[in-house]
Amino acid sequence: MFGIDSSFLSSLLQVIFIDLVLAGDNAVVIGLAAAGLASDLRRKAILIGILAATGLRIIFALITTELLSLGGGLLVAGGALLFWVCWKMYRELSVSHQDEVEAHEALDNADINADGRVAGKAPKKTLRQAVTQIVIADVSMSLDNVLAVAGAAQHHIEAMVFGLALSVVLMGVAASFIARLLHKFRWIAWVGLIIILFVAVRMLLEGVGSFVAIPEIPFLYTPHVAAAH
């Protein structure tokens, strides 16, 4: 329709949804790590976290897309890692309301729950401790994001490039807003989790299909696609 391949459009929509969910997820993790700092240090830690996440996404994009293009066992490994991403997302979606409020207060530097303090109930920590936690989380979540985007894009290079560029922009300018949006409309995050789970199953099937014969599974696996690797 209108000269646009339906497969490309489907991949592009999946990529956009994954970027939105994971950018918000990453922002909440950064907010939680920075919540125990004083206001001036909190802003510095959040800025470091967002810059680190942005840089790591670019680095992992250059490495991961090349590795996944080799297919076979690397696709199996990528699919397995995305199952781990789904499990982590499920646990984060089940985080307590209090912890989420603390994270959003840290991100917005605002007293959301009107208790007279900003992220006042979070355990106190030093800037070094907060930045260490943030960078470790960023390494994991940036790799998660790149894998999910590459898997959702399938063989549409344009969708993958757009998705990776969008993830960088979202982390740089809109992560806090998206985190608030996901907090208000929880169902968006659950839909994102289902999409990533779908991508993980498809990536795993394509990888396994490089080694053994698997019959066609509508919407998930087509033998000639795997063979193209």
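Me: What makes the crossing of α1 and α8 left-handed?
Reply: A crossing is left-handed if the near helix is turned anticlockwise from the far one by less than a right angle, and right-handed if clockwise. α1 passes α8 in the left-handed sense. This is a predicted model: local features need pLDDT of at least 70, side-chain atom pairs count only at pLDDT 80 or more, and totals for chains, interfaces and linings use all residues. Residues are numbered from 1 along each chain as its sequence is written, and side-chain values use heavy atoms, with hydrogens and water left out.

Me: Why is α1 called oblique to α8?
Reply: Axes are lines fitted to C-alpha atoms, for helices over the stretch in contact, and angles run from 0 to 180 degrees between N-to-C directions. Under 35 degrees counts as roughly parallel, over 145 as roughly antiparallel, 65 to 115 as roughly perpendicular and the rest as oblique. α1 and α8 pack at about 125°, with their axes 9 Å apart. That angle makes α1 oblique to α8.

Me: Which residues meet where α1 packs on α8, and how do they divide by class?
Reply: Contact means heavy atoms within 4.5 Å. From α1 come Q14, F17, I18, V21 and L22; from α8 come I188, A189, V191, G192, I195, I196, F198, V199 and R202. They divide into 11 nonpolar, two polar and one charged. Nonpolar covers Ala, Val, Leu, Ile, Met, Phe, Trp, Tyr, Cys and Pro; charged covers Asp, Glu, Lys and Arg; polar covers the others, Gly among them.

Me: How do you know how α1 and α7 are oriented to each other?
Reply: The axes of α1 (residues 6–34) and α7 (residues 175–184) come within 8 Å and cross at roughly 100°. α1 is therefore roughly perpendicular to α7.

Me: What makes up the contact of α1 with α7?
Reply: α1 brings L20, V21, A23, G24, D25, A27 and V28, and α7 brings A175, S176, I178, A179 and L182. The division is nine nonpolar, two polar and one charged.

Me: Why are α5 and α8 called roughly perpendicular?
Reply: The axes of α5 (residues 127–153) and α8 (residues 186–208) cross at roughly 70° and come within 9 Å. The two helices are therefore roughly perpendicular to each other. Their crossing is left-handed. L147, A148, G151 and A152 of α5 make the contact with V199, R202 and M203 of α8. By class, there are five nonpolar, one polar and one charged residues.

Me: What makes these elements helices, and how many are there in the chain?
Reply: Helices (H or I, at least four residues) and strands (E, at least two) are DSSP runs, numbered from the N terminus. The protein chain has nine helices and zero strands.

Me: Why is the pair of W87 and Y90 called stacked?
Reply: Rings of Phe, Tyr and Trp (its six-membered ring) pair if their centres lie within 6.5 Å; planes under 30 degrees apart count as stacked, over 60 as edge-to-face and the rest as tilted. A search of the whole structure finds two aromatic pairs. For W87 and Y90, the centres are 5.8 Å apart and the planes stand at 25°, so the pair is stacked. Both residues lie in α3 (residues 73–93), three residues apart, about one turn of the helix.

Me: What is the pair of Y90 and W190 called, and what does it tie together?
Reply: Y90 counts as partly exposed at 40% relative accessibility. Y90 and W190 are 6.0 Å apart, centre to centre, with 65° between the planes, and form an edge-to-face pair. Y90 lies in α3 and W190 in α8, so the pair ties together parts that are 100 residues apart in sequence. W87, Y90 and W190 form one aromatic cluster.

Me: How do you know whether K88 is buried or exposed?
Reply: Buried means under 20% relative accessible area, exposed over 50%, and partly exposed in between (1.4 Å probe, protein chains only). K88 is at 14%, so K88 counts as buried. K88 is found in α3 and touches S140 and D144, not counting residues up to four places away in sequence. Across the protein chain, 47% of the 229 residues are buried.

Me: Why is V208 called partly exposed?
Reply: V208 has a relative accessible area of 31%, so V208 is partly exposed. V208 is found in α8. V208 touches V76 and I214, not counting residues up to four places away in sequence. V208 and L75 are 133 residues apart in sequence and 8.0 Å apart in space, C-alpha to C-alpha.
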